[in-house]
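Biologist: Please take a close look at one part for me: the surroundings of the ligand. Walk me through the contacts there.

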Amino acid sequence: MILLGPPGVGKGTQGVLLADVHGMSRIVTGDLLRSARAEGTPLGLEAQRYMDAGELVPDGVMNALVKECLESVPDGRGVVFDGFPRTDVQATALQGTLEELGRAIDHVIVLEAENDVLVRRIAGRRSCPECGCVFNVYSNSAEQEGLCDRDQSPLVHRADDEPETVRRRLEIYHELTEPLIAFYEQSDVSVSYVPGDQAVEDAQSAIRSVILLMTPHDPSEDA
Ligand code: AMP
């Protein structure tokens, strides 16, 4: 399943909840890059300058990273993609990797919100560097201020969540990533749209309804 949408729309929050409920793995490219940076690996060092400027890390690097991750997911276990693919080159590479692995995309969920909602949300965003949970000082605050509800790690405000970088990230989204919606609409994948500017639990139940609706019904399971 691919969660597609602009920065700040809630892909991270919704992805954690969805993966929990369906027992799926998450492939969150932003988190993978942030961990690589924290560990000072060659990938992290290369990614750093792009991330700090709000630019995309080159497709070749991202495709190799995602391929490696996907290969380590056990057969039959579902995957939620958050932050990938972000360009047409990445979308095409993902199709190729999935075919090689005998897998396919079932759903693309497009989360949508206006730029001004996203800018405000990102300003209030606080993330857990350990588990990837995302909170918001305006709308979805942590139970204990500044600490992750799951693992009590101190929450951080990401450097690339500063307003100028956010504007660049939004531009890039509209220019390079948003066209992927048409790419998937033209393929045989189910594409559904969920408003991202609603309460976390409402967006989550909308996503779950969409998945239920689009999942083929097996009558033998009714018995
Ligand atoms: P995110 O946490 O998804 O907003 O990603 C943070 C930053 O990581 C982005 O602004 C990019 O610099 C980089 N990044 C994450 N995913 C990708 C991707 N699929 N392609 C290129 N760059 C990415």
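Modeller: Start with helix H2 (residues 29-39), which gives the largest share of the shell around the ligand, four residues. Helices here are DSSP runs of H or I with at least four residues, numbered from the N terminus. This is a predicted model, where local features need pLDDT of at least 70 and side-chain atom pairs count only at pLDDT 80 or more, while totals for chains, interfaces and linings use all residues. Residues are numbered from 1 along each chain as its sequence is written, and side-chain values use heavy atoms, leaving out hydrogens and water.

The shell has 16 residues, with Thr29, Glu55, Gly83, Gln90 and Arg169 coming nearest; a residue is near if one of its heavy atoms lies within 4 Å. By type, the shell divides into six nonpolar, four polar and six charged residues. Gly counts as polar here.

Now the polar contacts (N or O pairs within 3.5 Å). The side chain of threonine 29 puts an N or O atom 2.8 Å from a ligand nitrogen. Arginine 158 faces a ligand oxygen at 3.2 Å. The ligand alone exposes 480 Å², and the protein buries 96% of that (Shrake-Rupley, 1.4 Å probe).

Arginine 158 has a further partner: its side chain meets aspartate 160 in a salt bridge at 3.1 Å, N to O. The rule is a Lys or Arg side-chain nitrogen within 4 Å of an Asp or Glu carboxyl oxygen. Both residues are buried (under 20% relative accessible area, 1.4 Å probe, protein chains only). Salt bridges with shared partners join Arg125, Arg158, Asp160, Asp161 and Arg169 into one network.

Conventions. A polar contact is a pair of N or O atoms within 3.5 Å; within protein, one must be able to donate a hydrogen and the other to accept it, and residues adjacent in sequence count only if both atoms are side-chain atoms. Helices (H or I, at least four residues) and strands (E, at least two) are DSSP runs, numbered from the N terminus. Buried means under 20% relative accessible area, exposed over 50%, partly exposed in between (1.4 Å probe, protein chains only).
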